[in-house]
Amino acid sequence: MKKDLILNKNYLSYWLRQLRKEMQLIGPMRGFKGDFVFKSIGQIHEISLDCPASAPLPKEFVFPHVEEMFEKVFSEQEIKDLQNNDKRIIFGIRPCDMSAINLIDRFYSSKFESSYDLAHPNRKSEDSYYMARRRNTVFISIGCNNPDPTCFCNSVGTGPFLESGFDVQLTDLGDRYFVQTGSKAGKTITNSYRYLFEEAQRQDYDDQYEIMLSALTKFEKRINLEETRQKILAGKVRDSFWEWVSTRCFECGGCVYECPVCTCFNIVERTETDKSPRPPLRAMAFTKGGQGGIKGKRIRIWDTCFFKGFTRMAGGNIPAEKKVMRTKRWWFHKLLYYPEQFKRFGCVGCGRCTITCPGRIDIATISQKIKVEIK
Amino acid sequence: MTGSNNNIYMPFKAVIEEAIDMGCNVKFFKVIPIPPHPPLSKGGRGGFIDYIPGQFFMVSQWGAGEAPISVTSTRGLQRHIEFAIKKVGAVTTVLHKLKKSDTIWLRGPYGNGFNADAAKKRDVVFIAGGIGIVPLRSLINFIQMHKKQYGKIFLLYGAKNPSEILFKEDLKAWNKKGIEITLTVDVKDESWKGNTGVVTGHLDRVKTDFKNACSYICGPDIMIEKTMKELTSRGMPDRQIITTLEARMKCGIGKCGQCYHGIEYICTNGPVYTYEEIKKRRVYGP
Ligand SMILES: Cc1cc2nc3c(=O)[nH]c(=O)nc-3n(C[C@H](O)[C@H](O)[C@H](O)COP(=O)(O)OP(=O)(O)OC[C@H]3O[C@@H](n4cnc5c(N)ncnc54)[C@H](O)[C@@H]3O)c2cc1C
Ligand code: SF4
Ligand code: SF4
Ligand code: SF4
């Protein structure tokens, strides 16, 4: 019990300033138009501690929207691996997002789940780009004393405070932070500046407990995803219901782009010429020697199962052609397949899709509808 | 650096030893990988890459992109890795421009591959539609090589028209070796004296006890579906009906999500499935 620490709020910026000397510091800050973003921090005072829980998405730093994979100068034989190994510290990530990253870790580091790959039974298949970034990133997460009205992490067990799965977790106790370390990396960044921290006392533990209880009472949403899952499994949610849901979908992809759990991507190729530094998307008429350009990049980019092209094959055959199939795919992936594969929902209750979805068919709203309308 | 690091997306180089136009927009490639290349697993002797029939490689050309392409060669029979690639779009068009001694990039082998053991001691019925002969060729040769362990071998192969029948040399060789071949085309021309119509219409020519035989199917989706149903109605158990499915895939290793169907990643759990498995995973729908 004695291992937790206390950090006086006055020391926070000093601590972060020191850490920034060792690695890139990322934190939430206000953008030009007043919205919040996670960004590389230049001045410590730019960090917005009042940022709402579910506003920006820090997933970008371990799984960027666009990741450059390889570069090749066409006249040369070798290729350059563009894997990013920068050391980063991400300050202010919320427990739901931290839980999502823990889930992505399991997915991207998982072995071939092959029923029988006869030639290579134990081949590793770790996603190199994600894991390289992940191994070089330390997270300082902050528990949520004041959850947003859209949050329902407490219903899925991913917040508002974490018991494990964090590097460092801070709890705001008013004038000081309650500091827990949950990993080797977390211990390193606190132990190196141990003189800034005090040992937590009985009173601190009591205060932290109080804060936690009070946070739990502030949730406005109670979403029972397990009940929804059971109803789907029992076949109670009929296709006509999914049809209705899908008619409200604009296929904007917002729910996937904003979701801290989604991991799907596309791989495309770009070529650069002397004249156009802005590369055209994929050179069609390229052959050996680089007629289409002098340099090419293979990049990967977020993709969305709500887009029709997501499953498009050669000859234009689209397996998930109907919108309802894509709607179901999203729901089934999050509520049926994730639990089967990882014993967890593919949703951490961050509520972002509730904020984003213009059709109001986000996971919370529809789950609630299923609860009320489908017996 | 190529192939020597841990980046699973890193392709390795291969040299094209032969590139032959097979007609009807299909080009045949014989390639030799240049070491170092991963993975040389337990069977990968003598610097050769180990793979089994039904597996595929991500084949690429820089500037164009990657495409999943099945092996059509059989390890132990051919020294090279062989592909037959149909020109259908952006990547395959660029691949078609490659000639002898050009470099081609590969990643793999991926996928589960055909379980040839399922057919041991049984009659084997291969059913191919169009380009579907490509992955089956690898398995036909494999089973032919070990034919003592199997019963009679049949091949039922349908193409759109006579000129789209691929691997005519192989067909002759197989015929000589005792494989019973039935060819059929959708549209005949003057030269064609043989069968017409879809493959399922010619199953009567396969003189076997369907309950005990094992079947490997590859072709367009509709053909696969029809054939599986037809075989079922002839009493073949679901477990002995084996097919290989196609899906859009970008990574080949269960990460990009594009081939995700139900709980299955077709690239890693598949692309080869028994009818039994297909029915089971369809429980979930999309
Ligand atoms: C396991 C497997 C084995 C295959 N084996 C062969 C083979 O031996 N010979 C052969 O000719 N073809 C084979 N194909 C199909 C081949 O991969 C596609 O024809 C090819 O990817 C089309 O790419 P494109 O860029 O030329 O077409 P486009 O239509 O321009 O493709 C656009 C994009 O969609 C993707 N895409 C399109 N169709 C497919 C598809 N069917 N599968 C996966 N991704 C697709 C491509 O990667 C491309 O980026 C196989 C497919 C799979 C899944
Ligand atoms: S499904 Fe919606 S609420 Fe759940 S984690 Fe994704 S964005 Fe957040
Ligand atoms: S399939 Fe859809 S819901 Fe599942 S991870 Fe991919 S984008 Fe997200
Ligand atoms: S955010 Fe809503 S409208 Fe947009 S793709 Fe997702 S479900 Fe459809």
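Let's start at one residue: B:Met22 counts as partly exposed, because its relative accessibility is 21% and the buried class stops under 20%. Keep in mind as we go that this is a predicted model.

Where does B:Met22 sit? Look in the loop of chain B that runs between strand 1 (12-21) and strand 2 (26-33). If you set aside the neighbours within four places in sequence, B:Met22 is in contact with B:Lys27, B:Phe28, B:Ala84, B:Leu166 and B:Phe167. Another pair to pick out on screen is B:Met22 and B:Val185, which are 163 residues apart in sequence and, C-alpha to C-alpha, 17 Å apart in space.

Now zoom out to the whole of chain B. How does the radius of gyration of chain B sit against that of a compact globule? A compact globule with 286 residues would come out near 19 Å, and chain B has 19 Å, so the two agree. Of the 286 residues in chain B, 60% are buried. Take the contacts in chain B with a separation of 6 or more, and 68% of them come from residues 24 or more positions apart.

The side chains of B:Arg239 and B:Glu276 meet at 3.8 Å, N to O. B:Arg239 is in the loop between helix 4 (221-233) and strand 12 (241-244) of chain B, while B:Glu276 belongs to helix 5 (residues 275-281) of chain B, so this pair ties together parts that are 37 residues apart in sequence. Are the two partners buried or exposed? B:Arg239 has a relative accessible area of 53%, so this residue is exposed. B:Glu276 has 34% relative accessibility and therefore counts as partly exposed.

Over to chain A, then. Here you'll find 12 helices and 12 strands. Buried residues account for 56% of the 375 residues in chain A. Of the contacts in chain A between residues at least 6 apart in sequence, 74% join residues at least 24 apart. The accessible surface of chain A is about 17200 Å², and 51% of that belongs to carbon and sulfur atoms.

Salt bridges are a handy way into chain A as well. Over all chains, the structure holds 38 of them. Take the one where the side chains of A:Glu67 and A:Arg133 meet at 3.1 Å, N to O. A:Glu67 lies in strand 4 (residues 66-73) of chain A and A:Arg133 in helix 3 (residues 128-135) of chain A, so the pair ties together parts that are 66 residues apart in sequence. Both A:Glu67 and A:Arg133 are buried.

Another salt bridge stays within one helix. The side chains of A:Asp206 and A:Arg202 meet at 3.9 Å, N to O, and both residues lie in helix 6 (residues 202-217) of chain A, four residues apart, or about one turn of the helix. A:Asp206 has 36% relative accessibility, so this residue counts as partly exposed. A:Arg202, at 55%, therefore counts as exposed.

Finally, the ligands. Which residues come closest to ligand 2? Of the 13 residues that surround ligand 2, the closest are A:Cys259, A:Cys347, A:Cys350, A:Gly351 and A:Cys353. Helix 10 (323-342) and helix 11 (352-356) of chain A are the elements that give two or more residues to this shell. By class, the shell around ligand 2 has nine nonpolar, two polar and two charged residues.

Around ligand 4 you'll see A:Cys249, A:Phe250, A:Glu251, A:Cys252, A:Gly253, A:Cys255, A:Phe306, A:Cys357, A:Pro358 and A:Ile361. This shell divides into eight nonpolar, one polar and one charged.

Conventions. Residues numbered from 1 in each chain as written. Chains lettered and ligands numbered in written order. Predicted model: local features only at pLDDT ≥ 70, side-chain atom pairs only at ≥ 80, totals over all residues. Heavy atoms only, no water. Salt bridge = Lys/Arg side-chain N within 4 Å of Asp/Glu carboxyl O. Buried < 20%, exposed > 50% of the residue type's maximum accessible area, 1.4 Å probe, protein only. Near = heavy atom within 4 Å. Nonpolar A, V, L, I, M, F, W, Y, C, P; charged D, E, K, R; others polar. Rg over C-alpha atoms; globule rule 2.2 N^0.38 Å. Contact = heavy atoms within 4.5 Å. Areas by Shrake-Rupley, 256 points an atom, 1.4 Å probe, with all protein chains shown as cover.
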